[in-house]
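This briefing is meant to be read alongside the sequence and the coordinates.

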Amino acid sequence: MMKTRDNYDLAGLRESTGHEMGLKRNHRWIVMLLAVIAVLFITGCASNAPLDTLDPAGRKSNDINNLINPIFVIAGVVFVIIQGAVLYLGWKFKVREPKEGEESFDGGYPDEEFPEQVHGHFAAEIGWTIGPTILMAAIAIFSVGALLNLDDVDAAPDEAVYPEMEVLVVGQQWWWEFQYYLDGVDGAEQPDFVTANEIVIPVGQDIRIHTTSRDVLHSFWIPRLNGKKDSVPGRTSPWVLQSNEIGRFAGQCTEFCGLSHAYMRMYAVSLTQEDFQTWTDNQMRTREPLQEGDENYEGEQVFLLNCARCHVINGVTSRDISGSVELDTMALYGNIEEYRNHADGTLSQGKYTGPENLTAGAAPNLTHFATRSSYAGSFFQLYPDAQEMADAGNYLELAGSDYARGTLEAWLRNSPKEKPNAQPEQARGMPNLNLSEADIDLLVDYLISLD
Amino acid sequence: MEIVLRRFPLTETATTETSNDHSEDHVSTLGVSNDKLGMWVFLGSDCLLFGGLISTYMLYKDRIGPDDLGPEEMFDIPFTSVSSFVLLMSSLTVVLAITALRRNDIRRCRIWLLSTAILGAIFVGGQVYEFTVFYREGLGYTTNLFGTSFFTLTGFHGVHVSVGIIMLMSMYIQSMRGKLTSENEEKLEIIGLYWHFVDVVWIVIFTIVYLFPQ
Amino acid sequence: MAVVEEEQAPLELESGEDQITERPLGAFTRPGGGGGWRSWLFTVDHKKIGIMYGAAGLLFFIIGGIYALFMRLQLARPNNSILSAETYNQVFTMHGVVMIFLAAIPLGAAFSNYLIPLQIGARDVAFPRLNAFSFWVFLGGGLFLLTSMFIGGWWENAPDGGWFAYSPNTGVLFSPSKGIDFFALGLQITGIASLVGAINLIVTVLNMRSPGMTLMKMPVLTWMLFIVQLLLLFAMPVISVALFLLTFDRLFDANFFNVAQGADPLLWQHLFWIFGHPEVYILILPSFGVISEIIPTFSRKPIFGYPFMIFSGIAIGFMGWGVWAHHMFASGIGPVAVAAFSVSTMFIAVPTGVKILNWLATMWGGRIRFTTPMLYATSVVAMFTIGGLSGVTHSLAAADTQQTDTYYIVAHFHYVIFGGIILGFFGGFYFWWPKMFGYFLSEKIGKSSFWVMVIGFNLTFGPMHILGLQGMSRRIQTYSEGQGFDLWNLVATIGAFLIAVATAMFIANVFISWRAHRAGKTPAPGPDPWDARSLEWMTASPVPEHNFDETIEVERQDEFWHRKWGKDETGRVVRRATAEEVAHDGSNTNVHLPSPSYWPIVAALGLPIIGYGLIYNLWLCVVGGLFVLGGLYGWVFEPVDDPNADGHHDHEAHGTSEETGAEEVDGNSSEEVSVD
Ligand code: HEA
Ligand code: HEA
Ligand code: CUA
Ligand SMILES: [Cu+2]
């Protein structure tokens, strides 16, 4: 009665009997592979990664870690249960393959035996609906608490040099600008000073930042200090940076922002309160135009001729490259009210609209260029030892130390080659200015003197 | 007599379908024809289209330049009320056309069909007129966000009405060729469904856009 | 051993089917079938259309995979320069767009088209010509998108805004090439295809079920596909609106995303994700359905908790509409909104978990045959869960601020997409291949390619979890040494090539098995090679053009299985009939079928032409418009039937030579002709 019907046999089932044995042998091989992967996994995790999200150095990132660690554990348990169940069920209820010469029935079943035809189990269904619901509800309460805590940007002011300090973080293609408001943005006409690519904060203190953008979306992210916050043109979003350690923390723009998105990085540097005071005092210093005979006078002239139409050096540059040097202060930069409310179209105010119109309308302020450890979206290091020195609390000593002259020269020689941008056609990023080597030399000397 | 074509309904079978044959009740599981069901399903989807456009308008209606005229100054409520009323009436006439067709009163049906199309055309004409007035007053498509989203929303609706008019007119032509009879009254019913939908959408737009410009 | 007879539907042929034709209208005759390519171009047969969807989807999957391989090559080493930043941005955009819109959705549509009518016992879909239309529109739109790679220069005009194309980066100012225009118009065209297809299949499921096939007797696969169509129905108009706005901005200077005018870039994000999140369930539910057919079949048990499987599917479909902003946790939408969307997202784990556990319960106590389809199906249960769990870790909004836009997200969605969808679909291919083409795919190649694929897949995307948590941002063209990303990127690249090997093995399998079949080396599958449960197995393989010889009266869920198997007095399952005895042999020639039609493809062709017109020259729009209008005109006035139908419907190409097509009809008669 159990007639073999050849045409019901699975293609290749018979021949695969031997193959099955091969698979058994393969099992050991798979276990080995898994072991190798596990080892690699552990070593890989331990390797030094400056953007590591699991290595918090600030209060906020710590809070996030305290949320995610137990969740990873729960997910791990569910993972083990489900994978275990799949493997166990597959092993336990697998049917015997028909032996050589044995007749198979209906393409593989050795006999007509059926398991019990269970259609369902109401209580079980309710159980595995309610169970995860309760679990998720518990996680939800836990998680919403953490979220509200994270989004609380109104922490009480700390004992600090500038307890009210806030920073407007402006993203543009493809670098960051930081506008410092030492007494807070409320009521401020203009920032106290402006810097680029490296946000410097006093250690321990909660610094409220507001992210926004001049062109497309960007996202501000210093993983070791906090999660990320998008920079949205036309909006400002509050966020907090706080560091428990002195050091330099890497960041990366994480919202796709066009061509050079990969090259749009940043650092947060945390200093002691005293160092921070020193640093702000220095940043607020405007420069005097150099006189003939001063060191770097030629450099400054080349700069005014070639660069000042985009870049600002407080006290030195003016928008008008043909005329005499006028004092140009922060007026170039809009104040926060404009960033908060662009409905009247003021975004373009203070923009450079010269021949090589920049889409974002801004270039990094270079007044204290040499105090920054990196440049051009922090993609290039100005000082090779920056990381070690900053981590050791010697960030302020960087200016005047050994710097990477070659890279800076290359940048001035042809910046679109060093960092992809869309010059000249699309007017984004710094153009190739076709400078002579002599001018480049002068400029590098000048730039490195801007401490 | 069983009709095979009803068993494997195709859109094109509408012309040959006999609606008085219910012997094969499994033909359409729900007892509604595929065509009609299809129209209902499509209209469900269209709701979301207008939903998206209306939300966009709601978000943007106040975003105008400091010197631009806003919705309050722009709209001529009495004028639009009249044209809305005209469109509303066309829902009535299309119903009259369908009932006339059911009674196999082709002549009346034709009259109501034509008046529905004309009422629709008056509405579209009114919209075009309104657009030109706005344009002359300085609200172009690209002037500001209000203009952009207003013209897009009402323009999409206008296109819907126009498509409806084309469908009504093709029914009218079919009736001239003797192809529209009580036998295939469903075709008209389906177009009627569409027409009512476009009307209802207009009521929503009129209320939201014109009556509550705040 | 007495067989307890459950009530059985009579197996008698239906008779007295009448036929109406119309007098042919001049030029508007319908194509008369015939073999070869014409039988595919003008077909309105849901099975052929399903197969074409599948073939096109696979082709696009390979194209999208080749993009992926280039990305992986670029990322294998730090500071690599295989792709420039510009090209890389285009490549990952094309990869995402092609994979989601041209591979995953169409593969789902392939299963929907082929299987829904069969599983509900219908002869075809509700609107066969509309079905052909949606396929050609999809193909036209897809090819339109791909031509952006060549037109106006090699990789000059490919879209570069990422698959979700966030504004304002997609405005003309920031993306001046024509790429985004191709993106917006191409997706609008394929969107029309999805929308039309959804309407068609919804009506089919609601209205064309065979007698007795109530909603709660439909196979789980049909149910999931039905939910997918509803999701498409409501999601497609939303993305259409978004794409309209974008197109108007780019082509007609509208202001929707013009920040200088006060526009809000978040509008795009909301519109996109209101579509985009339901979209991910549009992608996954077909695969859930597929494995819900495979697992019971090879466990030799009915699906566990059928109603819960259905309701959890419905719940996923519903909840999917209320979670879209979990893609915007970092956008600055405010803590209240973030909290609400975070919580709603978490609870999607519940219905999904119900499904996972029901599959496991189906396997529990079964007699499991690990054929290739079953291997794939169980791997879906395992691999999808990994992706689901990382999804839950994203749903905690606070934690997501660290994860969003990193490779941890990339890992999540490839686990759910590749581990959930692609593996499931490959399982489906192996499962239904004998049904569709009348020959088995080799189990030997199948099993080994399965292992290569699963290992390659885990090597590719497993390390991405680590990369993401170590801070590797997505959509970056390169990374530096010293960021700690070197090792795992290399591993991922190796894994990606293993996936390519496995994919190539599948393709090779198709040809090798086909040749073996031709040479008579492998057994014919017969109607029911796997001892399966649903109606598509109740007819010959490959399925004859008319599907079933007679209407099937359905009495219970898994009707076909119950016709084969009964219970004796002790409750033991015993054979009641063999599959051949129950299944139709496809010999009924007395079935009227819709004739092929020229017009769907003509009308569909117009849409890409309009697309090019909008980008390059508005006059082309007129040409395209004429195609569409002409197509519709022909469509409307086409006679109901090919008046010269001589039974030569397009069979040969389908792999069978039986004559089962339309019956003889006197072409000159305008009377109703009775054929009995
Ligand atoms: C097939 C597609 C698919 C599917 C099914 C899912 C399923 C889920 N996704 Fe995923 N998702 C994507 C495709 C998909 N996703 C894509 C493409 C993106 C990125 C888009 C882009 O940015 O490009 C994305 C991004 C994405 C984000 C945004 C991340 C970011 O950019 O910041 C989030 C956030 O919440 C998320 C969450 C979830 C959740 C909670 C599920 C849930 O449905 C998962 C539920 C499943 C399980 C949980 C496992 C099984 C359950 C059990 C075994 C029960 C027991 C478990 C528990 C109690 C925990 N997804
Ligand atoms: C259906 C969806 C889908 C699928 C299947 C895949 C499959 C793959 N994806 Fe996909 N991926 C996405 C959807 C998908 N992806 C989306 C939506 C994004 C986001 C895009 C964005 O950010 O905008 C993304 C992004 C994305 C990234 C991140 C890019 C970035 O952020 O910079 C990466 C990186 O590795 C990646 C890799 C891969 C790989 C290696 C595969 C592999 O699995 C591919 C394997 C397939 C093949 C390798 C086929 C090749 C076969 C052959 C070559 C055989 C040919 C032989 C013959 C013809 C005989 N994907
Ligand atoms: Cu800025 Cu990415
Ligand atoms: Cu989502």
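The points below take up the copper site and then a tyrosine in chain C. The model is predicted, and the distances and accessibilities quoted here are computed from it.

**Copper site**

- The copper ion (ligand 4) is coordinated by three histidines, with C:H277 contributing ND1 while C:H326 and C:H327 each contribute NE2, at 1.8 to 2.1 Å.
- Along the chain, the donors of the copper ion (ligand 4) follow the spacing H-x48-H-H.
- Because C:H277 lies in helix α7 (residues 266-299) of chain C, whereas C:H327 lies in the loop between α8 (306-319) and α9 (335-346) of chain C, the pair ties together parts that are 50 residues apart in sequence.
- C:H277 counts as buried because its relative accessibility of 5% falls under the 20% limit, whereas C:H327 is partly exposed, with a relative accessible area of 28%.
- The iron atom of ligand 1 and the copper ion (ligand 4) are 4.5 Å apart.

**Surroundings of C:Y439**

- C:Y439 is located in the loop that runs between α13 (407-437) and α14 (443-469) of chain C, and this residue is buried, with a relative accessible area of 5%.
- Not counting residues up to four places away in sequence, C:Y439 touches C:W433, C:P434, C:V510, C:S513, C:W514, C:H517 and C:P525.
- With C:V510, one of these residues, there is an approach in which the side chain of C:Y439 reaches the backbone oxygen of C:V510 at 3.2 Å.
- C:Y439 and C:V591 are 152 residues apart in sequence, and their C-alpha atoms are 26 Å apart in space.

Terms used
Residues numbered from 1 in each chain as written. Chains lettered and ligands numbered in written order. Predicted model: local features only at pLDDT ≥ 70, side-chain atom pairs only at ≥ 80, totals over all residues. Heavy atoms only, no water. Helix = DSSP H or I, 4+ residues; strand = E, 2+ residues; numbered from the N terminus. Buried < 20%, exposed > 50% of the residue type's maximum accessible area, 1.4 Å probe, protein only. Contact = heavy atoms within 4.5 Å. Polar contact = N/O pair within 3.5 Å; in protein donor to acceptor, adjacent residues only side chain to side chain. Donors = N, O, S within 2.8 Å, 3.2 Å for Na, K, Ca; no water.
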